[in-house]
Amino acid sequence: MRILSFSPHNYFPVHSYPEGLFLDNLVQQGHEVLTVNCNGVLKGFCLCFFNTTISQKDIHRKRCLTCKRIRDDVNKEFKLRSIYLDTYLEVKDYRDTENILININVSNIHDFLIDDIPIGKYSGYEFNLNHKLNSGNIPEHLWTERREILRNSILTHKAIHKIYNSFKPDRTVAYNSLYSVNRVVCAVSELQKIPHFSIHAGNNLDTRLQ
């Protein structure tokens, strides 16, 4: 079975190493596993930048470097075959994304769809969590951050289509399929009738990371 693991967020080793172990077990069982990593394309405002502001670029750069180091360590330790999301994006994809964003604002972002996928809504998941927002209203001072997360979701949508067409997976796996870009990938899986699965820490607090 061909299994695609969407894994762009490696800054959190308590997630990345168990994920690597899980994927290694799939390989040992004879499955063909391909991991999709990020090489910086999501740096506009990545999930790994939680508890920071959009202007804290020095912190973002350091976290991005840490994320890449952990990514490489996990892939090396478990001998995982990996590709970069970035590789599947062309100049036209970035240009088209910017043209879309020109027409997006706080009033219509939640209505934004691509292929009937509510990417506008999906891209608000960790944003609302991080800022503890209990409504769809986006504070003006947070709009740039919210817009960057939407940009990441659109770019992910463009790239994952190409990756699916190339690798043709039978299954998709992501660590917590609710996070914005992960949810977009899972939604594309649904459209292509590819079953998708979510990995997450356990409910028991004593053993949740095992």
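**Helices and their surroundings**

Mentor: Let us begin with a helix and its cover. The buried residues of α7 (180–191) are covered by elements that include β1, α4, α5 (125–131), α6 (143–167), β4 and β5. Helices (H or I, at least four residues) and strands (E, at least two) are DSSP runs, numbered from the N terminus. This is a predicted model, in which local features need pLDDT of at least 70 and side-chain atom pairs count only at pLDDT 80 or more, whereas totals for chains, interfaces and linings use all residues. Residues are numbered from 1 along each chain as its sequence is written, and side-chain values use heavy atoms, with hydrogens and water left out.

Trainee: Which residues of α7 are buried?

Mentor: Buried means under 20% relative accessible area, exposed over 50%, and partly exposed in between (1.4 Å probe, protein chains only). In α7, the buried residues are S180, V181, N182, R183, V184, V185, C186, A187, V188 and S189. Because 10 of its 12 residues are buried, α7 is largely enclosed by the rest of the structure. The span of α7 is 17 Å from first C-alpha to last, close to the 16 Å expected at 1.5 Å a residue; the expectation is 1.5 Å times one less than the number of residues. Just after α7, K193 has a positive phi of about 60 degrees.

Trainee: What is S177 in contact with?

Mentor: Contact means heavy atoms within 4.5 Å. Not counting residues up to four places away in sequence, S177 touches N182, R183, C186 and S198. S177 sits in the loop between β4 and α7 and is buried, at a relative accessible area of 14%.

Trainee: How far apart in space are I119 and A187?

Mentor: Their C-alpha atoms are 9.2 Å apart, although 68 residues separate I119 and A187 in sequence. I119 belongs to helix α4 (residues 119–122) and is buried, with a relative accessible area of 0%. Beyond its neighbours within four places in sequence, I119 contacts F112, I114, L150, S153, H157 and V184.

Trainee: Which residues of α1 are buried?

Mentor: They are S16, E19, G20, L23, D24 and L26. These lie on the same side of α1, because they cover an arc of only 155 degrees around the axis; the arc is that of the directions from the helix axis to the C-beta atoms. The buried residues of α1 pack against β1 (2–6), β2 (32–37), α2 (57–77), β4 (171–175) and β5 (196–199).

Trainee: How many cavities does the search find?

Mentor: On a 1 Å grid over the protein atoms alone, a cavity is a set of points where a 1.4 Å probe fits but cannot get out, and a pocket is an open set with protein on both sides within 12 Å along at least five of seven lines; lining residues have an atom within 4 Å of a point. Points are joined across faces, edges and corners, and a volume is the space filled by probe spheres set on them. The whole structure has 3 cavities of 30 Å³ or more. The largest cavity has a volume of about 90 Å³, and its lining includes P8, C38, C46, C64 and C67.

Trainee: Which residues lie nearest the centre of the largest pocket?

Mentor: Of its 14 lining residues, H9, F12, H15, L47 and Y179 lie nearest the centre. The largest pocket holds about 220 Å³ of space, and α1 supplies the largest share of its lining, 3 residues.
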